[in-house]
Amino acid sequence: MPIEIRSITTSEIPAFRETLSRAFGHDPVDEDGADERFAGFVDLSRTYVPFEGDEMAGVSASLTFDVSLPGGTVTPMGGLTMVAVKPTHRRRRILTDMIRAHFDDCSGRGEVLSGLWASESSIYGRVGYGVAAPVHDRTINGPAAGVPAAPDEVRLLSLDEVRTVFPKLYEALFPTRPGQTSRNDVWWEQNHFRDPEHWRRGASQKRHLAAFRGGAPVGYATYRQKSKWEDSIAAGSVIVGELLGVDGDARLSLWSLLCSIDLFPTVQADNQPPDLELPWQVANPRAIQRKELDGMYVRLLDVPGALEARRYSTTDRIAIAVADPIGIAAGTYALDGSPEAAACGATTRPADVTLDVATLSALYLGADLANTLGRAGRIEGSADAVARFGAMLRNPVAPNCPEIF
Ligand SMILES: CC(C)(COP(=O)(O)OP(=O)(O)OC[C@H]1O[C@@H](n2cnc3c(N)ncnc32)[C@H](O)[C@@H]1OP(=O)(O)O)[C@@H](O)C(=O)NCCC(=O)NCCS
């Protein structure tokens with residue numbers, strides 16, 4: 001039977017949730033109001049569901065975000081999410097067709113790029129995604145790290161206080177690091193303030209901390225505690241959810257508290273930016289271990305639109321030839337960029353650098369990768385052209401998306 005991809009109606013939400021949960025090895029949680037909540041933050045017109053007759057062969061959807069870019073600008077981004085194909089229907093190009101539906105939808109809405117988090121790093125490169133905001137998972141031996149005392153005042157907040165402090169602070173910090181996604185009230189409520197038992201995985205409820213300077217909030221963190229005893233010795237963990245601050249002191253204040261909670265010596269902080277300053281602030285940086293992972297992927301759909309949306313670290317003009325396995329972004333483009341402005345359009349000039357769209361997408365949020373990608377054979381061009389291109393695209397603050405979507 002042929003597969004038809006279409007959006008779902010409200011009555012099909014339970015089947016969508018069940019198909020998605022099963023793909024990730026869970027059974028759908030039968031919570032009160034789960035379907036209504038789903039409809040509250042997933043725009044059903046942005047679901048792309050493959051039907052074989054009446055049966056869902058898989059699921060996928062887009063979230064509607066703005067994403068922060070180098071230079072403090074933002075652009076709309078379609079966030080591809082909830083992607084699954086039933087084991088009975090795998091490797092029939094259903095994912096490929098769902099992604100095309102997502103790209104068409106993004107382009108129709110003026111979104112110049114798509115972003116996602118991948119379950120496996122082998123899936124999305126073939127359709128032009130590159131890792132644009134790589135992350136480090138940090139495991140800290142809190143007592144051994146020698147974290148200095150908090151420069152700012154740190155307090156635990158009630159959920160009512162959190163509702164007034166966190167969204168405002170996040171909004172102020174949003175443009176300061178590329179790769180952050182915008183959050184509306186529904187997103188905050190559903191994905192940050194709600195804390196159902198089945199999200200805790202044996203750990204405590206979510207706790208909320210904020211750092212204050214002169215009475216004003218300058219940073220916040222969320223965490224859970226997971227208790228453990230080994231031979232009657234406390235070996236618990238603090239599991240950090242999100243930690244953001246206006247500067248190094250604000251963030252240090254939060255780390256200082258998190259690394260000194262009695263009975264919980266291990267601090268697990270995943271999805272941290274690669275330019276985390278904490279190892280440079282402590283007495284014993286070896287107590288802060290790291291694992292590098294792929295983080296958020298980006299896929300440029302409209303190259304001139306995307307390259308004009310961000311700003312550049314140097315003022316330069318460069319001709320970029322882009323190859324695209326599925327055609328959408330292919331072409332040669334002239335980019336005139338500077339810290340203040342950018343212009344980009346098709347050109348007949350010979351290319352200074354040649355790369356595929358996944359490579360350009362990996363560079364787009366400002367990760368310092370151009371020279372590495374050049375050495376990896378992913379960028380063609382003279383060493384000077386690659387270095388100039390890299391200097392232009394590199395952002396002083398590493399891109400990071402603080403939450404998985
Ligand atoms: C990942 C998943 C959605 C792929 O769906 P699918 O319909 O089988 O994928 P397609 O048939 O469109 O595959 C297209 C190509 O990608 C390859 N591919 C698909 N999944 C892959 C994977 N997990 N690893 C490596 N390659 C993969 C296919 O082999 C095919 O390659 P080809 O072009 O050389 O023939 C499906 O396996 C799944 O539901 N997995 C479990 C849930 C999951 O991981 N979802 C992704 C969340 S980000």
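Strand β5 (residues 74-85) and strand β6 (residues 113-117) pair in the parallel sense over 3 bridges, where two strands are taken to pair if DSSP finds at least two bridges between them, and where helices (H or I, at least four residues) and strands (E, at least two) are DSSP runs numbered from the N terminus. The structure is a predicted model, in which local features need pLDDT of at least 70 and side-chain atom pairs count only at pLDDT 80 or more, while totals for chains, interfaces and linings use all residues. Residues are numbered from 1 along each chain as its sequence is written, and side-chain values use heavy atoms, with hydrogens and water left out.

Together with helix α3 (residues 94-108), β5 and β6 form a right-handed β-α-β unit; a crossover is right-handed if, with the strands pointing away from the viewer, the path from the first strand over the helix to the second runs clockwise. Strand β6 also pairs with strand β15 (residues 288-300), here in the antiparallel sense and over 5 bridges, with Leu-113 placed opposite Leu-300 of β15. Strand β6 is mostly covered, since 5 of its 5 residues are buried, buried meaning under 20% relative accessible area, exposed over 50% and partly exposed in between (1.4 Å probe, protein chains only). Both faces of the strand are covered, with Leu-113, Gly-115 and Trp-117 buried on one side and Ser-114 and Leu-116 buried on the other.

The ligand is surrounded by 19 residues, of which the closest are Val-85, Arg-91, Arg-93, Thr-96 and Ser-119, a residue being near a molecule if one of its heavy atoms lies within 4 Å of it. By class, this shell holds 10 nonpolar, 3 polar and 6 charged residues, with Ala, Val, Leu, Ile, Met, Phe, Trp, Tyr, Cys and Pro counted as nonpolar, Asp, Glu, Lys and Arg as charged, and the others, Gly among them, as polar. A polar backbone atom of Arg-93 is 2.8 Å from an oxygen atom of the ligand, and a backbone N or O atom of Leu-95 lies 3.0 Å from a ligand oxygen atom. From a side chain, a polar atom of Arg-126 lies 3.0 Å from an oxygen atom of the ligand. The protein covers 76% of the 900 Å² of accessible area that the ligand has on its own, as given by the Shrake-Rupley method with a 1.4 Å probe, only the protein chains shown counting as cover for residues. The elements giving two or more residues to the shell around the ligand are β5 and α3.

An open sheet of 3 strands has the order β1-β2-β3, with antiparallel pairing. Its edge strands are β1 (4-6) and β3 (55-56), each of which pairs on one side only. Strand β2 (residues 49-52) and β3 are joined over 2 bridges, and the bridge partner of Phe-51 in β3 is Met-56.

Two helices complete the description. All 8 of the 8 residues of helix α9 (residues 357-364) are buried, so this helix is largely enclosed by the rest of the structure; among them are Val-357, Leu-360 and Tyr-364. Just after α9, Gly-366 takes a positive phi of about 100°. In helix α1 (residues 13-23) lies Ser-21, which is buried, with a relative accessible area of 17%. The side chain of Ser-21 reaches the backbone oxygen of Arg-17 at 2.8 Å.

How values were computed. Polar contact = N/O pair within 3.5 Å; in protein donor to acceptor, adjacent residues only side chain to side chain.
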